[in-house]
Amino acid sequence: MTFSLVARCARTGQFGMAISSSSPAVAARCAHVRAGVGAVASQNVTDPALGPLILDRLEAGLAAPDALRAVTEGRPHIAFRQLLVVDSAGRTAIHSGAEVLGLWGQATGSDCAAAGNLLADPGIPAVMVAAFETATGPLAERLMRALEAGLAAGGEAGPVHSAGLKVADRLSWPMVDLRIDWADDPVGMLRAAWDIYAPQAAAYVQRAEDPTGAPSYGVPGDE
C-alpha cells in the first residue's frame, strides 16, 4: 500500500522521508524523523510505535542495522511490517517481513533506503534511490524527486491517495512536515505545497528562534 524513501543529507546532517500510499493519512502513521539521530519508515501493516522505538536505539548509539535488529527480533507480528532506517553516519537497514503485501521491493544507496509494497513493479525502490542520488538541491527537494520518480515508474498497483514529506534539521521539531491526507493526486499536491513552502522554510525557523530578527509576515497590519 506504500512506497517511500528515507535519507540523510551528508552536507547538512538533515534527515528526511517522502512517502505515498493508497491509504489515507499515510505520513501520520509511517514517517518518523529525529534531529541528529535518523529517519525511520514504518509501513505495510503499520505499527507506528516502531518508528520511535528504532529512533531511541539510534539515539542510544546503535548503528542502523543493530537498532533495527534490536526492535524486530522476537517482536510479535513483525512478519507484517516493512521498516526502513538511516542513521547519523548514513548507514541503512531494511526489514521486509514474510507477510508484506503484494509485489514488494527494497533498495539502498548512498545515505538512503527505499521500499514499497503492493507495487506496480518491484524495481520501483531502486528507481527512487537512483533519482535521489542524482537529484540536487536541499534534502526535501531530493526526497520529492525520488517520490515523483517512484510514481512515474508505476508506484502502487492502484491509485495513491495520500503523501507526505518530513525533514528534521537541528531543532526538536521538523523544519518540513507537509501532508496530503486524501486526494486524487497527492504527490502532485505535495509538490505544489513544497514549492510554496520551500522559500519560506528558513524564515519559520528564524521566527521560532528569534522573532525580532525574522522577516515580515506579509499579512495586513504587519509592519
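Is I180 buried or exposed?

With a relative accessibility of 12%, I180 counts as buried (buried is under 20% relative accessible area, exposed is over 50% and partly exposed lies in between, using a 1.4 Å probe and protein chains only). This is a predicted model, where local features need pLDDT of at least 70 and side-chain atom pairs pLDDT 80 or more, while totals for chains, interfaces and linings use all residues. Residues are numbered from 1 along each chain as its sequence is written, and side-chain values use heavy atoms, leaving out hydrogens and water.

I180 sits in strand β10 (strands are DSSP runs of E with at least two residues, helices runs of H or I with at least four, numbered from the N terminus). Leaving aside residues up to four places away in sequence, I180 touches H161, S162, A163, P186, M189 and L190 (contact means heavy atoms within 4.5 Å).

**Helix α6**

Helix α6 covers residues 186–197.

**Cysteines**

You'll find zero disulfides here (a disulfide being a pair of cysteine sulfur atoms within 2.5 Å). For C9, the nearest cysteine sulfur is that of C112, 12 Å away. C9 is buried at 2% relative accessible area, and C112 is buried at 0%.

Notes
The expected span of a helix is 1.5 Å times one less than its number of residues.
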